[in-house]
Amino acid sequence: MTVDDAPAVPATGRADAVHAWSLDRTLKRMPLLDLPEQLRARGYRTVQLCHFHLPHRDAGYLGELRSALAAAGVQLDALLVDDGDLTHPQDGARHEAWISEWVRDAEVLGARRVRVVAGKTRTDTAHRDSSAALGRIAARAGDVRVVTENWFGVTADAADVAAVLDPLDGAVGLLVDLGNWTGPDKYADLAAVTRYAETCHAKAHWDGPDGGIDADDYRRSVSTVLENGYTGPFCLVYDAADDDEWRGLEVQRGIVRELLS
């Protein structure tokens, strides 16, 4: 499957997705199996799960989690593999094998996608090595779509993302994170990579003097990808000091919905 083949998300549900990292503190107080119903109760219909939130990887538990998601009517947009270094000079092959095991788990869970880090070690051949490894992982992934992210040193700006993805000719897609880039080139870089993006971490910065959301940056980031043709889900990422994670998500969802209307 290529980015052009990815199923469209109805406009009414594009802000009803949550990255489980947003609820990391909540998940320390409740079982992951309870999360789908909690999401449904608050009107969320899509989730992305971090690999480290899974307490077990045996087939029985993965089946229970898949059933809990189905019963709640919550779609698993992506399993996020947050570790591994495909460009490590000595251990890259070992990391690739470990990541591929998680791709199989994503398939058992019924995930639409699996997000893989493009690489953490920036060498002279990092882009080429990353492309090759991602291509091999995608070739083994079956019906699970492999995507990478604008995250860590190998995909530090738009030119890096292009250097990794262009040789793959659509075999691997992009999860664009609105909060991973900062600085004066941020919006131009987001605009440049939107053509690859099929899912999105709609992360806001809560770094105001009162701990409030930087609404101007958030609106501009969301607007940038929309104006450049992004049609996928906005998976909300809340990462701030206030422990009321659900409230923080609602603040962000309100802004995204406003921009989608």
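Visitor: Is R257 buried, partly exposed or exposed?
Guide: R257 is partly exposed, at 41% relative accessible area. Buried means under 20% relative accessible area, exposed over 50%, and partly exposed in between, with a 1.4 Å probe and protein chains only. Before we go on: this is a predicted model, where local features need pLDDT of at least 70 and side-chain atom pairs count only at pLDDT 80 or more, while totals for chains, interfaces and linings use all residues. Residues are numbered from 1 along each chain as its sequence is written, and side-chain values use heavy atoms, with hydrogens and water left out.

Visitor: Where does R257 sit, and what does R257 touch?
Guide: R257 is in helix 9, residues 245-260. Helices (H or I, at least four residues) and strands (E, at least two) are DSSP runs, numbered from the N terminus. R257 touches A15 and D16, leaving out residues up to four places away in sequence; contact means heavy atoms within 4.5 Å. The C-alpha atoms of R257 and R14 are 8.2 Å apart, though 243 residues separate them along the chain.

Visitor: Switching to helix 7, which of its residues are buried?
Guide: Helix 7 covers residues 186-193, and its buried residues are K186, Y187, D189, L190 and V193. They sit on the same side of helix 7 because they cover an arc of only 160° around the axis. That arc is taken from the directions from the helix axis to the C-beta atoms.

Visitor: What do they pack against?
Guide: The buried residues of helix 7 pack against helix 6 (158-165), strand 6 (173-177), strand 7 (197-203) and helix 8 (215-227).

Visitor: What about the loops on either side? What is phi of F152?
Guide: Phi of F152 is near 70°, a positive value in a residue other than glycine. F152 lies in the loop between strand 5 and helix 6, and counts as partly exposed at 34% relative accessibility. Then there is D169, in the loop between helix 6 and strand 6. Phi of D169 is near 50°, again positive in a residue other than glycine, and D169 is exposed, with a relative accessible area of 70%. As background, most residues other than glycine have a negative phi.

Visitor: Pockets next. What volume does the second largest pocket have?
Guide: About 210 Å³. On a 1 Å grid over the protein atoms alone, a pocket is an open set of points where a 1.4 Å probe fits, with protein on both sides within 12 Å along at least five of seven lines. Grid points are joined across faces, edges and corners, and the volume is the space filled by probe spheres set on the points.

Visitor: Which residues lie nearest the centre of that second largest pocket?
Guide: H19, W21, D82, W151 and D177, out of 14 lining residues. Lining residues have an atom within 4 Å of a point. By class, the lining has five nonpolar, three polar and six charged residues. Here Ala, Val, Leu, Ile, Met, Phe, Trp, Tyr, Cys and Pro count as nonpolar, Asp, Glu, Lys and Arg as charged, and the others, Gly among them, as polar.

Visitor: Last topic: which members of the largest nonpolar core touch the most other members?
Guide: L35, L39 and L49, of the 73 residues in that core. A nonpolar core is a set of buried Ala, Val, Leu, Ile, Met, Phe, Trp, Tyr and Cys residues joined through side-chain atoms within 4.5 Å.

Visitor: What does L39 touch?
Guide: Not counting residues up to four places away in sequence, L39 touches V18, L23, Y44, R45, V47, V74 and W246.
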